[in-house]
Amino acid sequence: MSANTKLCAPPCDCGSGETRYPLYDGYNIFLCYACDICKEQKLGRYRPDIMEKYLCDEPIEEDDGVDDDVARFPLYPWEK
Ligand SMILES: [Zn+2]
């Protein structure tokens, strides 16, 4: 019976014996397995805002600006 239970719901690796479940961040990216006992502790290893969508605040994609800089400043300025 215990073997069958183990197959269906593996216990958490923290040793609590609780059923583990996967944790995901705000983008549904898998973080780790945890149970109710150790969830807070394991989430503490990550950034506190990891459960939120952390790319919505500031624009990171600035490809146009980067390309302009590369064109404006040649790679080897001494080779005129
Ligand atoms: Zn646990």
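These are notes on a predicted model of one protein chain.

1. Basis. Local features are taken where pLDDT is at least 70, side-chain atom pairs only at pLDDT 80 or more, and totals for chains, interfaces and linings from all residues of this predicted model. Residues are numbered from 1 along each chain as its sequence is written.

2. Secondary structure. The protein chain holds three helices and two strands, in the order α-β-β-α-α from the N terminus. Both kinds of element are DSSP runs numbered from the N terminus: helices are H or I over at least four residues, strands are E over at least two.

3. The protein chain has 80 residues, of which 4% are buried. A residue is buried with 20 or more other C-beta atoms within 10 Å of its own, exposed with 12 or fewer, and partly exposed in between; C-beta atoms are placed from the backbone. Among contacts with a separation of 6 or more, 20% join residues 24 or more positions apart. A contact requires C-beta atoms, placed from the backbone, to lie within 7 Å.

4. Asparagine 28. This residue sits in the loop between strand S1 (21–24) and strand S2 (30–34). Asparagine 28 is not a glycine, yet its phi is positive, about 60 degrees. Most residues other than glycine have a negative phi. Asparagine 28 is exposed, with 6 other C-beta atoms within 10 Å.

5. Glycine 26. The loop between S1 and S2 also contains glycine 26, which is partly exposed with 13 C-beta neighbours inside 10 Å. The C-alpha atoms of glycine 26 and glutamate 52 are 4.4 Å apart, although the two residues are 26 apart in sequence.

How values were computed
Contact = placed C-beta atoms within 7 Å.
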